[in-house]
Amino acid sequence: MLRSISGAPTVVLITGHPDPDALGSALAHQRICQEFGVPCAIAHVLPVSHRQNRAMVKLLNIDMLQATKPEDLAQFKFLSLVDTSTPEPTLDLPADLRLLTVVDHHKMAEVDAPFVDIRPHMGASSSIYAEYMAGGLAPLENAMGASRVATALLFGIQTDTDHFTLATAADFAAAAYVRRFVDSDVLKRVGRTVVTASAMGVLGRALGELLVVRDFALAGVGHVPQGDRDAIATTADFIMQREDIDTVLVYGIVEDRIDGSLRTDSPSVEPATFLHTVFGKDRAGKPYGGGRADKGGFQIPLGVLAECEDKDALWNIVTQIVRTRLAKVIPDIEREYERKQSDTHHHNGHHDETGRYSREF
Ligand SMILES: [Mn+2]
């Protein structure tokens with residue numbers, strides 16, 4: 001198909017905010033075009049909004065044109081779509097721009113184009129492009145700039161398959177092919193987890209307030225804006241990385257409720273049962289918390305207490321209630337709290353938790 005257009009200028013127009021799978025596919029498409037002497041630009045309409053994606057564009061030096069009006073695309077004769085089968089809806093396409101190729105892994109769609117490859121069983125469009133290359137269409141072996149395309153493709157596959165947890169055998173085969181050409185350093189820098197400032201604030205409070213009883217940890221993080229609710233879960237995930245902890249409960253006040261997350265990899269803790277035992281049910285008989293396997297969450301409405309204007313006082317009451325409830329399952333939690341309070345007040349310093357516990361238990 002590319003050979004048939006004899007060098008006419010084409011554009012890959014990314015639909016939506018450019019994400020790693022679309023960017024990886026677009027770069028691979030561009031490279032294949034190059035192989036056939038077809039000039040190919042990459043364009044997008046919506047901004048690269050996610051910080052990780054901006055890092056990818058910058059580190060891999062991806063040259064893109066941001067189109068804001070139809071005339072911005074006037075120089076192109078053919079359109080290629082990657083990781084989608086519908087063009088960006090917020091921009092009117094020039095009437096003479098003809099759809100040439102569609103490569104996507106979302107659900108099958110009726111598309112009228114000379115070349116259509118939609119494979120819903122693949123975890124990423126980047127996997128499909130990697131497969132083209134492995135199959136000899138612009139192979140990465142001995143190619144100039146191969147690492148740039150390979151790194152983008154692997155990052156696309158990694159992101160869309162949720163770090164390979166959703167990957168199929170075909171995705172693994174595709175990833176294995178591009179892996180050899182990847183710039184590991186760039187991949188590591190692009191893939192670095194980005195934590196928002198507010199999530200870091202919540203995490204900081206949690207670490208300061210952490211109560212540890214044997215392998216259980218409890219952290220109250222105070223008032224958390226509704227928009228930052230995810231930070232409670234992220235914080236629980238983070239604390240789980242501590243080697244001596246296998247169950248963690250993180251909670252805060254979000255709007256008019258106590259809102260918390262539980263994480264566990266203890267074989268004896270079942271999140272739904274644990275939360276039910278600790279927090280019970282509301283008047284309608286509905287448990288305040290639920291969960292499965294290794295995670296759970298709970299929400300307890302504060303009712304009229306939510307109107308309390310003294311935020312510190314309200315938070316004190318909430319932490320007391322949570323500790324009292326937890327004492328049903330973790331009897332030493334209150335004693336640990338008191339010790340931590342007196343440590344902070346009298347010694348104002350550090351202590352070795354491991355030593356303390358080995359003495360006590
Ligand atoms: Mn995708």
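Start with the whole chain in view: the C-alpha centres of domain 1 and domain 2 lie 44 Å apart. Domain 1 covers 3–191 and domain 2 covers 198–360, with bounds that come from an automatic or database domain assignment. This is a predicted model, in which local features need pLDDT of at least 70, side-chain atom pairs count only at pLDDT 80 or more, and totals for chains, interfaces and linings use all residues. Residues are numbered from 1 along each chain as its sequence is written.

Next, colour by pLDDT, the predictor's confidence in each residue, from 0 to 100. The protein chain averages 91, and 94% of the residues score at least 70. Over residues 348–361, however, pLDDT stays under 50.

Now select helix α7 (residues 197–209) and helix α8 (residues 230–239), which pack at an angle of about 55 degrees with their axes 9 Å apart. Helices here are DSSP runs (H or I, at least four residues), numbered from the N terminus, and axes are lines fitted to C-alpha atoms over the stretch in contact, with angles from 0 to 180 degrees between N-to-C directions. The angle makes α7 oblique to α8, a word for whatever is not under 35 degrees (roughly parallel), over 145 (roughly antiparallel) or 65 to 115 (roughly perpendicular). Among the residues making the contact are Val202 and Leu203 of α7 and Phe238 of α8, where contact means C-beta atoms, placed from the backbone, within 7 Å.

Finally, select helix α3 (residues 125–134) and helix α4 (residues 146–160), whose axes come within 8 Å and cross at roughly 140 degrees. These two helices are therefore oblique to each other. Their contact includes Tyr129 of α3 and Leu153 of α4.

Conventions. Contact = placed C-beta atoms within 7 Å.
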